[in-house]
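Thanks for coming, everyone. Please bring up the sequence and the model, and keep both in view while I talk.

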Amino acid sequence: MTSTVPPTGPDTAPANDPSRPMRVEAYRYALGLIPGLEFFENALLVYFAVYISGGVDASPKEFVWITTAYGMASVLAILKQQWFVERIGYRRYLTASLLLYACGALLAGTSESVTQLVIARTCQGFCAGSWMSSCRILAQVSVPAARRGKTVQTFALLLFTGSAVAPLIGGLLIAEYTWRTLFLCTAPPAVLLAGLAWFSVPDIGRLRERATDSRYPFAPFMAFALAMGAFELVLQEMRYTLWLQTPWLPLLTVVGTGALVAFGYHQWQHPAPFIRLQSLRRREFQVGLLLYAAYYYLANTQSYLMPRMLEQGLGFTVERTGQLLGYSALLTVFLLLAYFRVAKFITHKKLLIVSGFAMTIATSLWLAAMPPDAGQPQLYGVLALKAVFGIFTVLPVANLTFRAFDHESFVHGYRLKNILRQLSGSFAVSTIVAFEQHREALHRTRLTEIANPFNPRFTQTLDALATALTHAGVAASQAHGAALAQIARMIQRQASFLTFIDGFHFIAIVALCGAIFAALQKQLN
């Protein structure tokens, strides 16, 4: 059993086929639009997390389960992708997964509880998790070398565009409708893309005659699922319980580690594994995976914190926040077009990668120093600097990580990279939510300690507010309570603002570690 796809596609259709030119162009755009839809929907979830969690009354812990369910299902889908492809082919696989994803979007948009939303996100993750792997692998192995560069550029451009338009569209949907439209709006594009996939994707990948012993073993697949579930549960519970406080967390850690080791040993020894781990012997691939993990972690934590700071910290409306973040992301798309023109002249890509991390450090420190009354003009510079991060980091890493791979190694290596992408994104949301909870509780406690009747400044402020409210028409019997409520809101906003400052300092520290690691790698030259 082999995972190599023969180099065939719309380009190899009969020359007298009148639809051949249209299929070739449609195929090129389908390979970018399909994973672009996943990037668009994932960006919506991260940017507007507070509205989604509020819509189903999810606590921070429960919201993490929503993102974790998607990430785990996506990883399992990547592992199972080749099993499906060998039985039904890429054309049917992508078409069916898009239609099932649309059903999952409808289920998510009509969810009434956290449990329903977790089930819907699991369905969506299992359908969409392998889109990026499938489409990028198809671009590598089914497109002739003469057209491959243009196809890969279109692929990257549409991924960035999907992420860029998410805050713009999401802000409008939240302002005009409800959180449900964030999921419902992805169902019609999924159905249209299913039609595009059926029209343009070649019927390749399916093995007409499979050997009787060419079965994917079930045990290692479940071992990996068990390991991921155990680790995710330990990471989530450690925010509330010390690791040694209960025997369950050490036991889950041991079980997860054992299952992961068993999975790795099986994949290393099996002649036809889910993923060939032998590519991990290559030093440049190891370095590339670590830099990929750092990029996805930083990108997701920034996407989670920035809209919350703009809305809760600086007081922008959700629509204005979406516009600011969307225009910044669209600037990234324009910079991507410029990068495609000059990339071949840049030989020292390490400098670009280190510069990308340095720009993230500068962006985070700039945002951490932002005053609470900052206006929109004060954000233009920092948003423009943020737009450069992805161009300077992930694109050079992509060029260097897979440059020496043949088709077979690329297929397995790219799947492994996308497993890391899903896990990094899930882990990023989990850790930043936990960090935000901890720091906000700390700041709120410290600020509340000052608000007591033995503090002369507090009593003076309370009396002044009560007097002002009385003059504004509030009944004297209610003015004191209204003044206390106003002070409580002020404390909550200050605690949130201080939490965002801490969060950006945390991101700056992670980016600094990434910059130092990249600067020390000789393979990046």
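**Phe40 and its surroundings**

Start with Phe40. Leaving out residues up to four places away in sequence, Phe40 touches Gly162, Ser163, Val165, Ala166, Ile169, Cys185 and Thr186. Contact here means heavy atoms within 4.5 Å.

Before I go on, a word on the source. This is a predicted model, where local features need pLDDT of at least 70 and side-chain atom pairs count only at pLDDT 80 or more, while totals for chains, interfaces and linings use all residues. Residues are numbered from 1 along each chain as its sequence is written, and side-chain values use heavy atoms, with hydrogens and water left out.

Back to Phe40. Where is Phe40 placed? In helix H1, residues 20–47. Helices are DSSP runs (H or I, at least four residues), strands are too (E, at least two), and both are numbered from the N terminus. Is Phe40 buried or exposed? Buried, at 9% relative accessibility. The cut-offs: buried is under 20% relative accessible area, exposed is over 50%, and partly exposed is in between, with a 1.4 Å probe and protein chains only. Now look at Leu158. Phe40 and Leu158 are 118 residues apart in sequence, yet their C-alpha atoms are 9.9 Å apart in space.

**The whole chain**

Step back. The chain has 18 helices and zero strands. Of its 525 residues, 53% are buried. Take the contacts with a separation of 6 or more: 83% of them join residues 24 or more positions apart.

**Two helix pairs**

First pair: H6, residues 145–176, and H12, residues 318–342. Their axes come within 7 Å and cross at roughly 170 degrees. Axes are lines fitted to C-alpha atoms, for helices over the stretch in contact, and angles run from 0 to 180 degrees between N-to-C directions. H6 is therefore roughly antiparallel to H12. The scale is this: under 35 degrees is roughly parallel, over 145 roughly antiparallel, 65 to 115 roughly perpendicular, and the rest oblique. What residues make the contact of H6 with H12? 19 nonpolar, seven polar and one charged. Nonpolar covers Ala, Val, Leu, Ile, Met, Phe, Trp, Tyr, Cys and Pro; charged covers Asp, Glu, Lys and Arg; the others, Gly among them, are polar.

H14 brings Leu385, Lys386 and Ala387 to the contact, and H15 brings Phe389, Gly390 and Ile391. That divides into four nonpolar, one polar and one charged.

**Rings**

How many aromatic pairs does the structure hold? It holds 13. Rings of Phe, Tyr and Trp (its six-membered ring) pair if their centres lie within 6.5 Å; planes under 30 degrees apart are stacked, over 60 edge-to-face, and the rest tilted. Phe84 and Tyr93 are stacked, 5.9 Å centre to centre, with 20 degrees between the planes. Phe84 is partly exposed at 24%, whereas Tyr93 is buried at 6%. Tyr295 and Tyr296 are edge-to-face, at 5.2 Å and 65 degrees. Tyr295 and Tyr296 are both buried. Ring pairs also link Tyr292, Tyr295, Tyr296, Phe357 and Phe389 into a cluster.

One last stop, at Ser424 in helix H16, residues 407–450. Ser424 is buried, at 9%. Leaving out residues up to four places away in sequence, Ser424 touches Ala293, Tyr296 and Tyr297.
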